Amino acid sequence: MRNTFINTLCELSEKHDDIFLLCGDLGYSVLEGFAQQFPERFLNVGIAEQNMTQVAAGLALEGFNVFTYSIGNFPTLRCMEQIRYDVCYHEANVKVVAIGAGYAYGPLGVSHHTTEDIAMLRSLPNMTVCAPADPIEAKVVAQFMASYDGPGYVRLNKTGEACVHSTTTSLALSPGKLIEVIGGRDVAVLVNGAILGSVMGDLKQSGVPWAVFSAPFVGRYDVDEINRLGQRFSRIITVEEHQLNGGFGSSIVEAFSDLYADGKIGRMPRIQRIAIPNQFIGVSGSQSYLRRAMGLVLPRDIL
């Protein structure tokens, strides 16, 4: 997924001469192509992520569309003050790209478990938050962010994600929209991020005829989209590789509740959230192991 995103950014940079890429002394074997092709628009700022964000804001105010690239918590949690004041407050054209969503760097422990980032970033005014589910979505997200003017956050898994979609041609991806991956009835399973493939595997084994939607963008949901979901399904399950508090599932509950309170939708479906319990995990392990250990599966009692 990360390779697809960066490779797409390289292709786009041939046409978009405002794209500038910053990294925090990592990305070797991933970023070399961009650095060699566009040396005047690439800068390794070193292990100084807060400074990287400030440099990005300065470049953005000079007319560049700047992408910052680092591992999980380092360009997000470590840089929240700079993102809030320097990027979002000024509506600077900076895209924060975090590699290693959720437990992608599971063996490295809590310091590398990216489990609160969506809650933090989506709370900031002017920020557009996105977590693609597979390399195809990552490509379309790169295309969107290359043309989008304003603060953005892209949450990418590390490597090895299977393609859920077959092509980008018919993939309509924009803030507020959901992508129906599997048609179904009774229950809608809304999934954010690279855990989508795992969820689809669980559903295939169970044989239940539920609908599955990919939700790469978090927040700013289209009213008609939410209304259609509420009319079509009486039950919705959200799944994410993120802490329960404040994440994707919370954004869906908020959207339904606010629209229902305002009288813009006629019914409130039953919504169940599957996410990381609001606790740290004291062990290290592979991403798949930690997902299972923290209950990021569709429970057998609801299938």
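A cavity here is a set of points, on a 1 Å grid over the protein atoms alone, where a 1.4 Å probe fits but cannot get out. Its volume is the space filled by probe spheres set on the points, with grid points joined across faces, edges and corners.

This is a predicted model: local features need pLDDT of at least 70, side-chain atom pairs count only at pLDDT 80 or more, and totals for chains, interfaces and linings use all residues. Residues are numbered from 1 along each chain as its sequence is written, and side-chain values use heavy atoms, with hydrogens and water left out.

The count is two cavities of 30 Å³ or more. Nonpolar covers Ala, Val, Leu, Ile, Met, Phe, Trp, Tyr, Cys and Pro; charged covers Asp, Glu, Lys and Arg; the others, Gly among them, are polar.

The second largest cavity holds about 50 Å³ of space. Among the residues lining it are Arg 155, Glu 241 and Arg 291, and the classes there are four nonpolar, three polar and three charged.

Now the helices, which are DSSP runs of H or I, at least four residues, numbered from the N terminus. Helix α1 (residues 2-13) and helix α6 (residues 135-147) have their axes 8 Å apart. Contact, meaning heavy atoms within 4.5 Å, involves Phe 5 and Leu 12 of α1 and Val 141 and Ala 142 of α6, among others.

Note on methods. On a 1 Å grid over the protein atoms alone, a cavity is a set of points where a 1.4 Å probe fits but cannot get out, and a pocket is an open set with protein on both sides within 12 Å along at least five of seven lines; lining residues have an atom within 4 Å of a point. Axes are lines fitted to C-alpha atoms, for helices over the stretch in contact, and angles run from 0 to 180 degrees between N-to-C directions. Helices (H or I, at least four residues) and strands (E, at least two) are DSSP runs, numbered from the N terminus.
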